[in-house]
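Subject: Structure handover

Hi,

Here is the structure I promised to pass on. Please open it first, then read my notes below.

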2 protein chains.
Amino acid sequence: MDAETAERKVLDTAEGLFDERGVQAVGMDAIRTASGVSLKRLYQVFPSKDLLVEAVLRRRDEAVRAALTGHGARTAEGPYERALAVFDWLAGWFAEPGFRGCAFINTFGELGGVTPVVAGIARDHKEALRAYFAEQTDALGAPPVLADQLALLANGAMAVAGITGSPEPAAQAKAAARVLLDAAPAS
Amino acid sequence: MDAETAERKVLDTAEGLFDERGVQAVGMDAIRTASGVSLKRLYQVFPSKDLLVEAVLRRRDEAVRAALTGHGARTAEGPYERALAVFDWLAGWFAEPGFRGCAFINTFGELGGVTPVVAGIARDHKEALRAYFAEQTDALGAPPVLADQLALLANGAMAVAGITGSPEPAAQAKAAARVLLDAAPAS
DNA sequence: GCATCGGGAGAACGCTCGTTCTCTCGGTCG
DNA sequence: CGACCGAGAGAACGAGCGTTCTCCCGATGC
């Protein structure tokens with residue numbers, strides 16, 4: 001096994017276990033066992049658990065950003081539809097088995113108060129979501145606060161869907177987003 | 001010191017430390033030192049850390065419910081204003097020094113995947129918030145989904161305010177809530 | 001064929017933490 | 001006044017975890 005596939009397997013495994021149980025409840029030994037990558041190799045690629053956590057979050061950050069824009073470009077035409085498409089994407093995510101909420105919200109809750117790096121990654125990630133909405137609302141000529149409000153709906157949906165285990169918040173948030181978009185001045 | 005004040009001091013101290021650093025990063029020894037309650041007494045009142053965590057969350061649940069209805073009754077007249085008053089209450093909370101998000105969202109992220117009791121308390125708490133909104137929207141004759149949507153805005157505001165450290169989401173969510181309330185049919 | 005190098009498995013180490021135990025002391029009741 | 005009870009301080013214990021080390025094996029180069 002070369003270093004690249006080892007790194008990918010470790011990141012995949014760690015991401016799954018962290019999502020499922022939280023970060024601190026997952027030992028390096030569990031990651032080694034579940035991934036099949038030896039501890040020695042694991043520490044060659046990620047010299048500490050903190051760095052592994054960071055790497056998992058950074059990779060997920062990039063994946064979510066790509067999925068967002070990709071889903072928007074694939075399924076929606078125009079800024080109005082692209083803003084709403086975010087909530088369809090959320091609906092698919094919430095329905096995945098084992099969904100337990102947004103990794104950034106959850107990890108911030110667990111480590112954000114003690115690990116500034118984690119807090120920063122979470123902040124950047126949420127800012128990126130807001131910026132994506134802002135692209136669409138700007139194109140519509142809507143006031144800037146609308147992007148913040150759509151982001152609040154999306155994040156609220158993630159939090160509530162994670163805690164309740166229901167995918168419904170996605171559809172509820174989408175309907176609310178439509179009302180806000182329709183009520184916004186200009187176009 | 002009698003058992004009652006010891007219990008209160010422990011709960012106060014633990015709540016503060018858990019909010020600040022997360023649950024697992026706070027040892028029983030830190031709680032003993034910060035509260036001045038001896039370990040022996042601490043374990044007499046709360047036989048395990050898990051039970052202490054539960055007690056902290058349950059007390060906070062009750063306090064939030066009381067604060068919500070109390071603030072609504074004190075500052076607002078009528079269901080429309082009482083629904084919006086929630087966001088004013090959030091604004092005050094977000095502005096408190098050291099605010100780091102909703103304890104239930106944060107603790108669910110840290111422990112919800114591994115501790116069903118914690119997950120249940122968080123679920124019940126969020127359901128109570130939704131139910132409070134539902135009281136107001138029912139009184140307005142608005143469709144039931146509006147209560148869920150207001151709850152999404154409130155929870156989104158908590159999550160984003162916690163992560164970004166800004167109190168702005170409260171005002172943004174309130175403005176969005178007003179739009180949703182005004183757009184709802186019937187009255 | 002043999003020496004060397006790299007990697008895997010897992011034991012070992014040091015630390016932290018939840019929980020319990022020990023020792024001591026002050027207050028109370030007879 | 002003296003014996004006992006409860007409480008406080010903190011040491012002690014056992015487990016878990018992040019990290020490192022040891023041992024062994026298979027592959028590679030001369």
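Let's start with one helix. Nine of the nine residues of helix α6 of chain B, residues 103–111, are buried, so this helix is largely enclosed by the rest of the structure. The buried residues of α6(B) include B:Phe104, B:Ile105, B:Phe108 and B:Leu111. B:Asn106, B:Thr107 and B:Glu110 are among the buried residues too. Keep in mind that this is a predicted model.

**Chain A as a whole**

Chain A has nine helices and zero strands. Its C-alpha atoms fill a box of roughly 60 × 30 × 30 Å along the principal axes. The chain has 187 residues, and 51% of them count as buried. Now take the contacts in chain A between residues at least 6 apart in sequence. Of these, 67% join residues at least 24 apart.

**Two domains in chain A**

Chain A is divided into domain 1 (1–47) and domain 2 (55–183). Their C-alpha centres lie 27 Å apart. How many residues of domain 1 of chain A are in contact with domain 2 of chain A? There are 12, and they meet nine residues of domain 2. Together the two domains bury about 930 Å² between them, with 53% of it on carbon and sulfur atoms. Three residues stand out on the domain 1 side: A:Leu11, A:Glu15 and A:Asp19. They supply 50% of the area that domain 1 buries against domain 2, more than any other three residues.

Charge also matters to this picture. Three salt bridges are found across the interface of domain 1 and domain 2 of chain A. A:Glu15 forms a salt bridge with A:Arg59, with the closest N and O atoms 3.0 Å apart. By class, the side of domain 1 that touches domain 2 has five nonpolar, two polar and five charged residues. A:Asp12, A:Glu15, A:Arg59 and A:Arg60 are linked in a network of salt bridges.

Look at chain B as well. The side chains of B:Arg59 and B:Glu15 meet in a salt bridge, at 3.0 Å from N to O. B:Arg59 lies in helix α4 of chain B and B:Glu15 in helix α1 of chain B, so the pair ties together parts that are 44 residues apart in sequence. B:Glu15 is buried, with a relative accessible area of 15%. B:Arg59 is partly exposed, at 27%.

**Where the two chains meet**

Which helix of chain A gives the most to the side that touches chain B? Some numbers come before the answer. In this interface, 39 residues of chain A are in contact with 39 residues of chain B. The chains bury about 3100 Å² between them, and 71% of that is on carbon and sulfur atoms. Zero salt bridges are found across this interface. Seven residue pairs are in polar contact between chain A and chain B, both residues at pLDDT 80 or more. On the chain A side, α1, α6, α7, α8 and α9 each supply at least two residues. The answer is α8(A), which gives the most, with 13 residues. By class, this side of chain A has 20 nonpolar, 12 polar and seven charged residues.

**More salt bridges**

The structure holds 14 salt bridges over all chains.

- A:Arg58 pairs with A:Glu54, with the closest N and O atoms 3.0 Å apart. The two are four residues apart in helix α4 of chain A, so about one helical turn separates them. A:Arg58 is partly exposed at 43% relative accessibility, whereas A:Glu54 is buried at 17%.
- A:Lys174 pairs with A:Asp88, with the closest N and O atoms 2.9 Å apart. This pair links distant parts of the chain: A:Lys174 is in helix α9 of chain A and A:Asp88 in helix α5 of chain A, 86 residues apart. A:Lys174 counts as partly exposed at 21% relative accessibility. A:Asp88 counts as partly exposed at 37%.

Is A:Asp61 buried or exposed? A:Asp61 is buried, with a relative accessible area of 10%, and lies in helix α4 of chain A. Beyond its neighbours within four places in sequence, A:Asp61 is in contact with A:Phe104 and A:His125.

A:Arg130 sits in helix α7 of chain A. A:Arg130 is partly exposed, at 24% relative accessible area. Leaving aside neighbours within four places in sequence, A:Arg130 is in contact with A:Ala147, A:Asp148 and A:Ala151.

Best wishes

Conventions:
Residues numbered from 1 in each chain as written. Chains lettered and ligands numbered in written order. Predicted model: local features only at pLDDT ≥ 70, side-chain atom pairs only at ≥ 80, totals over all residues. Heavy atoms only, no water. Domains from an automatic or database assignment. Contact = heavy atoms within 4.5 Å. Buried area = accessible area lost by both parts, 1.4 Å probe. Salt bridge = Lys/Arg side-chain N within 4 Å of Asp/Glu carboxyl O. Nonpolar A, V, L, I, M, F, W, Y, C, P; charged D, E, K, R; others polar. Buried < 20%, exposed > 50% of the residue type's maximum accessible area, 1.4 Å probe, protein only. Polar contact = N/O pair within 3.5 Å; in protein donor to acceptor, adjacent residues only side chain to side chain.
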